[in-house]
Amino acid sequence: MRDYNNFSGNKYSLRAKTYHMIKRIDFISNHLGSLGDLLVTTWLGLILTILVLAMGVALIGHAIFANSMATAIANIPAMILILIGTILISLNTVVTNPAMGLQVIVSLKFLNKRVRNRGEKNSLIDFKPFKFVDGISDLDIIETVNEKSKTYLVAYRVRGSVSPITFTDDLQTLAGLKHQLLSNMERDTVLATINSVGKTAIKKKKLPKNATKSMKRKQEVNHAVISNLRYNQTLETVVFLASPNLDVLRTRQESLEVSFKNGLVIGYYQLKGEEFKSTVNSIYG
């Protein structure tokens, strides 16, 4: 995996100096959702933001009043671009991540690293650490983009088989299957399970074609009640399998699926395409 620590800004204690003190602006923090608790505002960020906004206003004013306003209409596209750029830069200067530093410095370092000179040609560096394996049409295997080595991953979305009413014998059977599975994985493969809480997709109960009005009304009532439940959530489990090469991966996949079919889980399916991509992005950003 790539090391992102060198993209951090000036790491410092937010109470080290006066201009590092946290200044919470509810209008900004409340509109950032969960990020409002992660990204804060400092006096230094506010000062830089005011300077950026002033510079943007000055540039737009210059574009309006240049040549005695004769070119004001022609400069409208340029003014729009300046306005957008000013807003984006202001968002970077106004927020600070206490662990990474001032966001504008983080962004500048990232942009500087993304574009490198290699001889006479400029090349873009893609920092996304994963991509689909070339030549596999199913898009069911992802490889890590690493300069030194590669790791291949597959993923399964599963439904667990342990519940409050699971019997002791069932638990012993599951423990045996799990032990056998881990033994078959050996040391060349990593098996990881990620649990997350998601929102359940509520669908209307399917009615027969000759359903009466009362049946349809009951269907609407049931759907409305369940859809409006405040804590309508479900536990989602994704199992990742990672191996150093494709041959090993295929062998370990067979062992994993045999354990699944023998009762380790109630149901499973392998993630592919956009669903696989979005799942990985949701975890690694």
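In which helix is E275 found?

Analyst: Happy to walk you through it. First, this is a predicted model, in which local features need pLDDT of at least 70 and side-chain atom pairs count only at pLDDT 80 or more, while totals for chains, interfaces and linings use all residues. Residues are numbered from 1 along each chain as its sequence is written, and side-chain values use heavy atoms, with hydrogens and water left out.

E275 is found in helix 8, which covers residues 273-284. Helices here are DSSP runs of H or I with at least four residues, strands are E runs of at least two, and both are numbered from the N terminus. E275 has a relative accessible area of 31%, so it counts as partly exposed; that class lies between buried, under 20%, and exposed, over 50%, using a 1.4 Å probe and protein chains only.

Leaving aside residues up to four places away in sequence, E275 touches R157 and Y269, where contact means heavy atoms within 4.5 Å. With R157 there is also a salt bridge between the side chains, at 3.4 Å from N to O. That pair ties together distant parts of the chain, since R157 sits in strand 7 (residues 152-160) and E275 in helix 8, 118 residues apart.

Two others are worth a look. E143 bridges to K150, with the closest N and O atoms 3.1 Å apart; E143 is buried at 5%, and K150 is partly exposed at 42%. K131 pairs with D134 at 3.9 Å, with K131 partly exposed at 36% and D134 exposed at 61%.

Back at E275, its C-alpha atom lies 9.8 Å from that of D140, although 135 residues separate them along the chain. The loop between strand 5 (130-132) and strand 6 (142-144) holds L139, whose phi is near 55°, a positive value in a residue other than glycine. Most residues other than glycine have a negative phi. L139 is partly exposed at 34%. M69 also has a positive phi, about 65°, without being a glycine; M69 lies in the loop between helix 2 (43-65) and helix 3, and is partly exposed at 46%.

Helix 3 (residues 76-94) contains I80, which is partly exposed at 47%. I80 belongs to a nonpolar surface patch of about 770 Å², whose members include I73, I84 and L91.

Further out, the axes of helix 5 (residues 168-185) and helix 7 (residues 246-264) come within 10 Å and cross at roughly 175°. That makes the two helices roughly antiparallel. Residues making the contact include L174, L177 and L181 of helix 5 and R252, L256 and L264 of helix 7. The axes are lines fitted to C-alpha atoms over the stretch in contact, with angles from 0 to 180 degrees between N-to-C directions; under 35 degrees counts as roughly parallel, over 145 as roughly antiparallel, 65 to 115 as roughly perpendicular and the rest as oblique.

Key: Patches are made of residues with over 30% relative accessible area and no salt bridge: like charges are joined within 9 Å, nonpolar side chains (Val, Leu, Ile, Met, Phe, Trp, Tyr) within 5 Å. Accessible areas come from the Shrake-Rupley method with a 1.4 Å probe; for residues, only the protein chains shown count as cover. A salt bridge is a side-chain nitrogen of Lys or Arg within 4 Å of a carboxyl oxygen of Asp or Glu.
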